[in-house]
Amino acid sequence: MARIFGTGFERNTLDQFDGSTGTTIVPAEPLNLTGNFACRISDAYRSYLKKALGSYPYLYMSLKINIFNINYNPSIFFYDQNGNIIAKIIINDSFNIDLYRGSTLLATGTSPLSLDTVYQMEIYYLPLNSGGEFTVKIDGVENVTYSGDTTPYLENIGSIDFGSKNTYGGGFYFDDLIIDDSDWIGIGHSIISAPITGAGSSAQWTSSTAATNYANVDEIPYSDTDYNSTNTTDALDLYSISDCFDGIDVASIAGIYFNVRTNYEGVPTVSIKPAIKSGVTVGTYATLSQSVSFSNEQVFIGVNPGTLATFTTSDFTNGIEVGVKAVV
Ligand SMILES: [Ca+2]
Ligand SMILES: [Ca+2]
């Protein structure tokens with residue numbers, strides 16, 4: 001399992017995406033979606049939300065989708081790394097799922113969807129000129145599949161549009177987006193938030209304000225006007241987080257999508273790693289990329305650094321901490 005990206009929109013921002021028209025964050029609860037927030041792709045023509053990915057030979061994806069208007073045909077577009085449209089999923093006028101290679105219809109599902117209903121849609125897309133595959137499952141059941149030539153251009157996936165900025169449109173809500181480069185996601189996945197709620201056991205970075213460090217990084221959505229900074233090797237900032245599983249029945253925890261906004265000024269001599277403290281152990285993870293302007297970075301962490309096992313709900317009642325460490 002290798003998670004590429006995941007979001008439940010619980011940060012109340014689209015800063016992890018790469019362009020949009022007609023896309024907003026909306027309350028999740030009235031839509032029977034997860035947590036506090038979900039994403040709405042407008043039903044106006046050419047409404048979309050783009051996620052740039054780089055270049056992947058194939059991808060698996062899962063999202064919860066709730067269609068509210070089919071006028072412009074809710075759609076998901078796949079682009080190669082050169083920006084060519086290589087495939088698309090279209091909810092057609094009969095509410096069935098159409099699979100396209102470029103502009104060529106490949107296959108149509110026979111189990112139509114309904115309006116105002118939450119489905120878990122899983123997608124596998126392998127763009128190859130021969131031997132490719134394009135499959136959509138609904139609630140764990142295969143709805144439509146095609147094998148053969150699945151790309152008119154390159155054999156890689158560079159970005160995905162939810163909705164469309166070319167033809168077609170949106171008209172749907174979605175949530176709990178998971179992108180993986182190794183296997184089907186499986187049904188029953190939800191993404192909830194564990195917001196920063198207080199000081200942790202280390203505060204070695206410098207607050208930009210008179211406030212305690214955690215208060216600079218606990219905003220939902222984020223604010224870049226207050227922040228913590230350091231240029232000192234090994235400086236560790238830790239924050240306590242909410243017991244996000246309190247009152248929620250959870251079978252298992254796949255992992256933590258750890259999100260950090262970073263930038264640099266001057267010439268830094270250190271890099272930043274996400275940190276998790278479990279018991280007395282502080283685990284650090286992949287170095288975050290930084291630039292002169294703030295950007296959002298995400299690291300997926302599947303193993304508790306203290307127990308070296310998958311996370312459990314008791315990790316959160318036992319006071320797990322999150323933060324950042326400066327490293328050379
Ligand atoms: Ca959500
Ligand atoms: Ca802030």
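# Chatting through strands, cores and domains

Tutor: Tyr100 stands opposite Leu105 in strand 10. Keep in mind that this is a predicted model.

Student: OK, and which way do strand 9 and strand 10 run, and how many bridges join them?

Tutor: They run antiparallel, with four bridges between strand 9 and strand 10, the latter being residues 104-108.

Student: What about the hairpin there, which residue takes a positive phi?

Tutor: That's Gly102, with a phi near 55°, and the hairpin has two residues between the strands.

Student: Is strand 9 mostly covered or open?

Tutor: Mostly covered: five of its five residues, 97-101, are buried.

Student: Which residues sit on which side?

Tutor: Ile97, Leu99 and Arg101 are on one side, Asp98 and Tyr100 on the other, and all of them are buried.

Student: Switching to cores. How many residues does the largest nonpolar one have?

Tutor: It has 49, and the residues with the most contacts inside it are Ala38, Phe78 and Phe174.

Student: What does Phe174 touch, leaving aside its neighbours within four places in sequence?

Tutor: Ala38, Cys39, Leu63, Lys64, Ile65 and Phe162. There's also a second, separate core of 16 residues, with Ile196, Leu236, Ile272 and Ala275 among them.

Student: Now domains. What does the assignment give?

Tutor: Domain 1 is 3-180 and domain 2 is 196-327, according to the domain assignment. Their C-alpha centres lie 30 Å apart. Nine residues from domain 1 and nine residues from domain 2 make up the contact.

Student: What classes are on the domain 1 side?

Tutor: One nonpolar, five polar and three charged residues on the side that touches domain 2.

Student: Last one: what's the strand order in the open sheet of five strands?

Tutor: It goes 16-19-24-21-22, with antiparallel pairing.

Student: Why is one side of strand 16 and of strand 22 left without a neighbour in the sheet?

Tutor: Because strand 16 (196-203) and strand 22 (281-284) stand at the edges, each with a single partner strand. The twist averages 30° from one strand to the next. Strand 16 pairs with strand 19 (residues 236-241) over four bridges, and Ala203 stands opposite Asp237 in strand 19.

Technical notes. Residues are numbered from 1 along each chain as its sequence is written. Chains are lettered from A and ligands numbered from 1 in the order in which they are written. This is a predicted model: local features need pLDDT of at least 70, side-chain atom pairs count only at pLDDT 80 or more; totals for chains, interfaces and linings use all residues. A residue is buried if 20 or more other C-beta atoms lie within 10 Å of its own, exposed if 12 or fewer, and partly exposed in between; C-beta atoms are placed from the backbone. Two strands pair if DSSP finds at least two bridges between them. A nonpolar core is a set of buried Ala, Val, Leu, Ile, Met, Phe, Trp, Tyr and Cys residues joined through C-beta atoms within 7 Å. Two residues are in contact if their C-beta atoms, placed from the backbone, lie within 7 Å. Domain bounds come from an automatic or database domain assignment. Ala, Val, Leu, Ile, Met, Phe, Trp, Tyr, Cys and Pro count as nonpolar, Asp, Glu, Lys and Arg as charged, and the others, Gly among them, as polar. Axes are lines fitted to C-alpha atoms, for helices over the stretch in contact, and angles run from 0 to 180 degrees between N-to-C directions.
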